[in-house]
Amino acid sequence: MPETQATTPALSPLGYSRDAFAHACAERGFSAAKARTAYTRCMRGRDPRALPPLASLRVAPIVRRLDEPCPEGITTKFVQRLDPPESGRFAEQGVPHLDIESVIIPMLGRTGRKTHTLCVSSQVGCAMGCGFCETAQMGLVRSLTAEEIVGQWWAARELLIEEGRDEGQAAINNIVFMGMGEPLDNLDEVLRAIECLTERSGANMAMSTITISTVGRVDGLRRLVDVVSREGWKRLGLALSVNAPNDAIRDELMPLNRKWGMDELQQVMLDLVRVRAGRKILFEYVLIPGVNDQREHAEQLRAWLDPFVRTAGRPHIGLLNVIPYNPRRDSPWPAPTEASVQQFVEWMLDMGVFVKRRRTKGRSQMAACGQLGAPEIRRRHYTPITTNESPVG
């Protein structure tokens, strides 16, 4: 007997591909063909009223936003509120709600075309414990569902369209999983979200415009070797937060390194380059004064990056992105000077590394890299998500 609306929560197209949504609707007694049409009208035409009676669009409301002008436009951090914890440990500890943070970053290409990159969160908080990151100070509260991840894209798109900031182009051009949380710690839901975002009858984003950034969960990276081997996934962008030139410094900055050291990390990244037909890996390096910014650190980092650097018979297969440290709350370190950032970049260039310096945007609004996180939530316990859907990958 098919499930009915009375016994099952309403379906949301966010988090589903079109065919998966149609299949779920068919299981509940609704026409799959009509469900496919309704899905496209909702996701492409921005018309939630087109959905069948057993479906609804659920997007967490934006409860706060912060804007910061930059040369390319306006950087916007917005906060969506999940259902408040009515009881249990969060309410007992005085946490009235759970929020997720996302950032819309304006970009200007070499041709002068303006685009917007959306930095999305995959978790509330993070379990990785990196000392330089604001989100890590929260601990891991819970992972987000695919629906909640894609809901950030929907909210960002609506915000830009309503304010006329899409300039007649796609409101969101790129998505980076660089917000709150470690994407590989929630990989099934992240992959489901990407399937929805790349659905041609839906959000219709190219796989090459989506990037997963990780602190280096080697088990998750090994799963990605299989995932990106599949048809349609090879162009998925990958970024690794290296942030240290050797194991001793990385152990201190990023506790995960004590389980998977830099040699093992290097090998799995080379495996990913191989299955992605040589598409470049982005290596992120947060430059922290007095920690990882000296000449000897540059030389050690160059040695680790050696397999990814251009030689006579091989092009660059790695890009180093130097990120000036953005101080978290109660940070033990200041931001680096512009001169020290430029010096480090020049050292890497002189040693033949393909390197770029990331522009700092949103620092004053706690919207820059490493600054996302709700200050009222600190070191909470993990709440797992539950889903009846089959995992991807």
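Predicted model: local features only at pLDDT ≥ 70, side-chain atom pairs only at ≥ 80, totals over all residues.

Colleague: What about the phi of asparagine 243?

Modeller: Here's the general idea: most residues other than glycine have a negative phi. Asparagine 243 isn't a glycine, yet its phi is positive, about 65 degrees. Asparagine 204 is another non-glycine residue with a positive phi, near 60 degrees. You'll find asparagine 204 in the loop between H5 and strand E8 (210-214). With a relative accessible area of 40%, though, asparagine 204 is partly exposed.

Colleague: Which residue has a positive phi just after H1?

Modeller: That's glycine 29, with a phi of about 90 degrees.

Colleague: While we're at H1, which of its residues are buried?

Modeller: H1 covers residues 18-27, and Phe21, Ala22, Ala24 and Cys25 are buried there. They sit on the same side of H1 because they cover an arc of only 160 degrees around the axis. Helix H2 (32-45) is part of what covers them.

Colleague: How do I describe two helices that pack together?

Modeller: You give the angle between their axes and the distance between the axes. Take helix H5 (residues 187-197) and helix H6 (residues 218-227): their axes come within 12 Å and cross at roughly 35 degrees. The contact is made by Leu187, Asp188 and Leu191 of H5, with Gly220, Arg223, Leu224 and Val227 on the H6 side. As for handedness, H5 passes H6 in a right-handed crossing.

Colleague: What is the mean pLDDT of the protein?

Modeller: pLDDT is the predictor's confidence in each residue, from 0 to 100. The mean here is 86, and 85% of the residues reach 70 or more. Among the elements, helix H9 (residues 295-305) has the highest mean, 98, while helix H3 (residues 89-92) has the lowest, 63. Over residues 379-393, pLDDT stays under 50.

Colleague: Zooming out, how many helices and strands does the protein have?

Modeller: Ten helices and twelve strands. Of its 393 residues, 55% count as buried. And among contacts between residues at least 6 apart in sequence, 71% join residues at least 24 apart.

Conventions. Residues numbered from 1 in each chain as written. Heavy atoms only, no water. Helix = DSSP H or I, 4+ residues; strand = E, 2+ residues; numbered from the N terminus. Buried < 20%, exposed > 50% of the residue type's maximum accessible area, 1.4 Å probe, protein only. Contact = heavy atoms within 4.5 Å. Arc of directions from axis to C-beta. Axes fitted to C-alpha atoms, helices over the stretch in contact; angles between N-to-C directions. Left-handed = near helix turned anticlockwise from the far one by under 90°.
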